[in-house]
Amino acid sequence: MTVTTPRGFRAAGVAAGLKASGAGDIALVVNDGPDAGVAGVFTANRVKAAPVLWSRQVVRGGVVRAVILNSGGANACTGPAGFQDTHATAEHTATVLTSLSPRLMLGAGEVAVCSTGLIGERLPMPKLLSGVRAAARGLSRDGGAAAAEAIMTTDTRPKTTVVAGGGWTVGGMAKGAGMLAPGLATMLCVLTTDAVAGPDALDTALRAACRLTFDRVDSDGCMSTNDTVLLLSSGASGIEPTEAELTHAVTAACHDLAQQLVADAEGATKQIAVEVVGAADEDDAVEVGRSVARNNLVKTALFGNDPNWGRILAAVGTTAAAFEPDGVDVAVNGVWVCRSGAAAEDRSKVDLTGRDVTIRIDLHAGDAAATIWTNDLSHAYVHENSAYSS
């Protein structure tokens with residue numbers, strides 16, 4: 001259930017001393033081929049970390065043979081020196097891997113770099129570079145689990161997935177537990193496949209998958225500087241799936257990881273699906289879903305087990321979506337507490353004692369639909385984000 005489940009990949013996770021806790025903080029994923037196709041999707045934040053700027057350039061080249069990831073420091077807002085640190089990390093990774101496996105013959109331009117952690121501080125490069133060498137020496141087909149643990153920050157558990165195709169496989173790992181918002185979550189994600197697929201096919205599949213999964217996770221309305229999703233192909237299966245087959249498998253893998261991100265959101269006691277139906281178009285459905293998912297009054301009500309449909313309707317009303325206020329229906333966990341913009345079934349029938357919550361909003365304005373995933377706003381979220389620098 002890891003990035004090394006598809007054939008042609010090795011990984012490792014080690015502790016280099018970047019984290020004060022002594023936990024793992026360097027992960028390395030290597031594509032042994034025969035192919036080395038890549039696609040990537042990055043944060044929409046205009047303030048982008050140095051690793052994002054570097055990796056976007058690398059992905060444009062269409063070939064990535066290694067991804068080096070660190071937790072314990074974001075290398076964001078660190079200026080030209082921070083970008084040079086990223087470049088040096090890629091160069092060192094390429095040099096070390098080439099010395100250990102000369103057949104790889106890596107250049108820095110074939111190494112993607114990802115970082116996560118505190119914004120505004122440079123990384124301790126001697127520790128990081130030493131960790132790169134240790135990770136390279138520890139690479140194995142069984143190293144995916146350790147790699148997934150090494151990229152964790154405030155995550156309480158690693159997040160991995162595997163989706164089987166017809167003789168080929170998609171694997172993946174991700175981290176993220178807060179700042180989960182549109183334009184990606186505060187996440188790093190590496191997906192791998194042993195399918196035969198070039199950069200264009202990978203890009204089509206990845207963008208379609210992210211649009212329906214990671215881009216619809218909205219934990220707290222905050223967008224990170226480091227978000228990165230990479231999809232690597234080794235071609236080791238010798239099987240070339242159709243565009244639809246590849247997109248389906250990559251979407252399934254992204255959906256699984258996205259749900260794990262929401263389930264592990266900082267301090268959350270509720271995992272909430274905001275389903276919008278009857279919208280004039282998909283954009284309207286997404287806008288309404290986001291408005292409800294981001295609304296602090298809705299989120300705190302659900303934390304208090306209160307099916308406060310008035311707050312939901314008020315959040316819908318802040319959007320530019322097409323609907324008539326007296327035509328909107330709202331259900332919470334299957335109970336239609338609001339019909340035609342007014343009170344309907346007794347709200348006391350709503351059971352909110354469990355973790356899973358579904359809000360269904362029918363705009364009665366068309367046939368489009370979309371789902372946004374979020375969580376409640378709890379005391380623990382406030383505490384964690386006031387006690388932890390991010």
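Strand β10 (residues 271-279) is joined to β15 by 7 bridges, the two strands running antiparallel; strands, here and below, are DSSP runs of E of at least two residues and helices are runs of H or I of at least four, both numbered from the N terminus, and two strands count as paired if DSSP finds at least two bridges between them. Within this pair, E275 stands opposite T371 of β15. The model is a predicted one, in which local features need pLDDT of at least 70 and side-chain atom pairs count only at pLDDT 80 or more, whereas totals for chains, interfaces and linings use all residues. Residues are numbered from 1 along each chain as its sequence is written, and side-chain values use heavy atoms, with hydrogens and water left out.

The two strands belong to an open sheet of 6 strands with mixed pairing, whose order is β13-β12-β11-β14-β10-β15. Its edge strands are β13 (342-343) and β15 (368-375), each of which pairs on one side only. Helix α6 (residues 243-263) packs on this sheet, where it touches β10 and β15, and its direction makes about 40° with that of β15; contact is taken as heavy atoms within 4.5 Å, while axes are lines fitted to C-alpha atoms, for helices over the stretch in contact, with angles running from 0 to 180 degrees between N-to-C directions. Helix α9 (residues 309-316) also packs on the sheet, touching β11 (329-332), β12 (335-339), β13 and β14 (356-362), and its direction makes about 135° with that of β11.

A further open sheet consists of 4 strands in the order β1-β2-β4-β5, again with mixed pairing. Because β1 (9-14) and β5 (111-116) stand at the edges with a single partner strand each, one side of each is left without a neighbour in the sheet. From one strand to the next, the twist averages 10°. Strands β2 (residues 26-31) and β4 (residues 66-71) pair in the antiparallel sense over 5 bridges, and I68 in β4 is the bridge partner of L28. Helix α2 (residues 79-100) packs on the sheet, touching β2, β4 and β5, with its direction at about 125° to that of β5, whereas helix α3 (residues 125-137) lies across β1, β2 and β4 and runs at about 45° to β2.

Several local features accompany this sheet. In the loop between β2 and β3 (37-42), which contains P34, a cis peptide bond joins G33 and P34, with omega of about 20°. With neighbours within four places in sequence left aside, D32 is in contact with G8, R10, R103 and L104.

In helix α2, which includes D85, this residue is buried, with a relative accessible area of 7%; leaving aside neighbours within four places in sequence, D85 is in contact with N75, R122 and M125. M105 is exposed, with a relative accessible area of 60%.

Methods: Buried < 20%, exposed > 50% of the residue type's maximum accessible area, 1.4 Å probe, protein only.
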